[in-house]
Amino acid sequence: MSETKVILHWLNHSRANRVLWLLELLDVNYEVKVYKRNSKFRAPKELEAIHPLGKSPVIEVIKPGKQPEVIAETGCIIEYLINNFDHSEKLVPSTDKGKAEVNYYLHYTEGTLQAVLTSFMVLYSARNFAPFGIGALVGAVTSQVNKAYFGTEVIKNLNYLENIAKGHDGGYFVDGKLTGADVILSFPIAELVMGNQRDGLFEKSPQELFPYLNKWSKLVLADPAYKRAIETIDEKSKL
């Protein structure tokens, strides 16, 4: 009998790496289709043929004899994949409290943390997209907005997560085991914050400011399935 297959529509500089990591963790039969942003840093129109919003990540679930299911939004994708492919429950907490915590992080990461991080980065980059001659003015205005609100909110959220990470000595976020919480947090923390120095946001390096999040990030990035995912997409991106 044919096996269910998952197609991941992966876009560079997007939130899709963690979905690829999860597919590797769960040993899912999958295929990756690679898309690249255009000169204006926008996703190509081809993605709109998969989902009307043209965003990534998005997956198609191909089941024998059935119409493909299209699933968008990272939190929804992570929840679906764990519910349908984690047959041994290796990523599922053993307690109801732990399950509720994972559910919280799936919503918090995209609904709160990613929102302020993205807003900060968009405003920080605004001067680069301003019409000729007014880049400095745009930069002055947006930097004040970031200073007054988005930058403050980013730091507030990172301090919040740092205190949680400190409570488990930089280990996994829920029940001392790898769960969907770690998967969804991997992009904003391990890739964005720890992977890039955001000028104008940190007075020191994020590794110094948030040592327990840094320790957790190293744990995540060292996961063999994560390494396989990155190797896979590095190879696919060259084609």
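Tyr108 is buried, with a relative accessible area of 6%. Its partner in a stacked aromatic pair is Tyr104, which is partly exposed at a relative accessible area of 38%. The model is predicted.

A second ring pair joins Phe173 and Trp216, and it counts as edge-to-face because the planes stand at 90°, where over 60 degrees is the cut-off. Phe173 belongs to the loop between helix H4 (135-167) and helix H5 (180-193), whereas Trp216 is in helix H7 (residues 211-221), so the pair ties together parts 43 residues apart in sequence. Both Phe173 and Trp216 are buried.

| Ring pair | Centre to centre | Angle between planes | Arrangement |
|---|---|---|---|
| Tyr104 and Tyr108 | 5.6 Å | 15° | stacked |
| Phe173 and Trp216 | 5.4 Å | 90° | edge-to-face |

The structure holds 7 aromatic pairs. Ring pairs link Tyr104, Tyr105, Tyr108, Tyr160, Phe173 and Trp216 into a cluster.

Helix packing is represented by H1 (residues 17-25) and H2 (residues 74-85), whose axes lie 10 Å apart at an angle of about 0°. The two helices are therefore roughly parallel. On the H1 side, Arg18, Val19, Leu22 and Leu23 meet Thr74, Ile77, Ile78, Leu81 and Ile82 of H2. By class, the residues of this contact are 7 nonpolar, 1 polar and 1 charged.

Overall, the protein has 8 helices and 4 strands, in the order β-α-β-β-β-α-α-α-α-α-α-α from the N terminus. Of its 239 residues, 45% are buried. The exposed surface comes to about 12800 Å², 53% of it from carbon and sulfur atoms.

Definitions and conventions:
Residues numbered from 1 in each chain as written. Predicted model: local features only at pLDDT ≥ 70, side-chain atom pairs only at ≥ 80, totals over all residues. Heavy atoms only, no water. Buried < 20%, exposed > 50% of the residue type's maximum accessible area, 1.4 Å probe, protein only. Areas by Shrake-Rupley, 256 points an atom, 1.4 Å probe, with all protein chains shown as cover. Axes fitted to C-alpha atoms, helices over the stretch in contact; angles between N-to-C directions. Parallel < 35°, antiparallel > 145°, perpendicular 65-115°, else oblique. Contact = heavy atoms within 4.5 Å. Nonpolar A, V, L, I, M, F, W, Y, C, P; charged D, E, K, R; others polar. Phe/Tyr/Trp six-rings, centres within 6.5 Å; stacked < 30°, edge-to-face > 60°.
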